[in-house]
Amino acid sequence: MRDFAGTPGTLTGLALRLSQCVFAAGSITAMTTTTSFFDFTAFCYLIASMGLQVIWSFGLALLDAYALVKKKALHNTVMLSLFVVGDWVTAILSLAAASASAGITVLYFHDLGNCDFVGECQKYQMSVALAFFSWITIAISSLIMLWLLAAG
């Protein structure tokens, strides 16, 4: 029961962690290449949340890679509990940051029509989209970890 796609120490688990990391890093990159993201608290929160996501996902990707190389299973109950808590915390933070940033993007740049700098608006939108993609992958991972913990 514990050997399905996305579990720690499998190739699909490594791919899931790397995709979380890449989407979060892309979101940070798109946001920080703008000149005025720091004027909006939600955008600063997005940067902080995605930064935490990069650190968490990259650390677990390294752990998955190590487990693949050594051919070890990472199904220890204590480790799985840590993975579940970490995944759920980062998933909630990522969703909150992406939603807040999406709300600001829609309100400020679409509803108020205050988008004089089109390139900046597209970067904000790209950053928010990548943040949602990162959240989708961390949500999948957190559900897999919860399922593993419950099955054990």
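1. Which helices each supply at least two residues of the nonpolar patch? They are α3 (77-111) and α4 (118-151), where helices are DSSP runs of H or I with at least four residues, and strands runs of E with at least two, numbered from the N terminus.

2. The model is a predicted one, in which local features need pLDDT of at least 70 and side-chain atom pairs count only at pLDDT 80 or more, while totals for chains, interfaces and linings use all residues. Residues are numbered from 1 along each chain as its sequence is written, and side-chain values use heavy atoms, with hydrogens and water left out.

3. The chain has 4 helices and 0 strands, and its C-alpha trace spans about 55 × 25 × 20 Å along the principal axes. Of its 152 residues, 41% are buried, a term that stands for under 20% relative accessible area, with exposed meaning over 50% and partly exposed in between (1.4 Å probe, protein chains only).

4. Ile92, which lies in helix α3, is part of the nonpolar patch together with Trp88, Leu143 and Leu146. Ile92 counts as exposed because its relative accessibility is 54%.

5. Ser36 sits in the loop between α1 (11-32) and α2 (41-70), yet it counts as buried because its relative accessibility is 14%. The side chain of Ser36 is joined to that of Tyr124 by a polar contact of 3.2 Å, that is, a pair of N or O atoms within 3.5 Å, of which, within protein, one must be able to donate a hydrogen and the other to accept it, and residues adjacent in sequence count only if both atoms are side-chain atoms.

Terms used. Patch = residues over 30% accessible without salt bridge, like charges linked within 9 Å, V, L, I, M, F, W, Y side chains within 5 Å. Areas by Shrake-Rupley, 256 points an atom, 1.4 Å probe, with all protein chains shown as cover. Salt bridge = Lys/Arg side-chain N within 4 Å of Asp/Glu carboxyl O.
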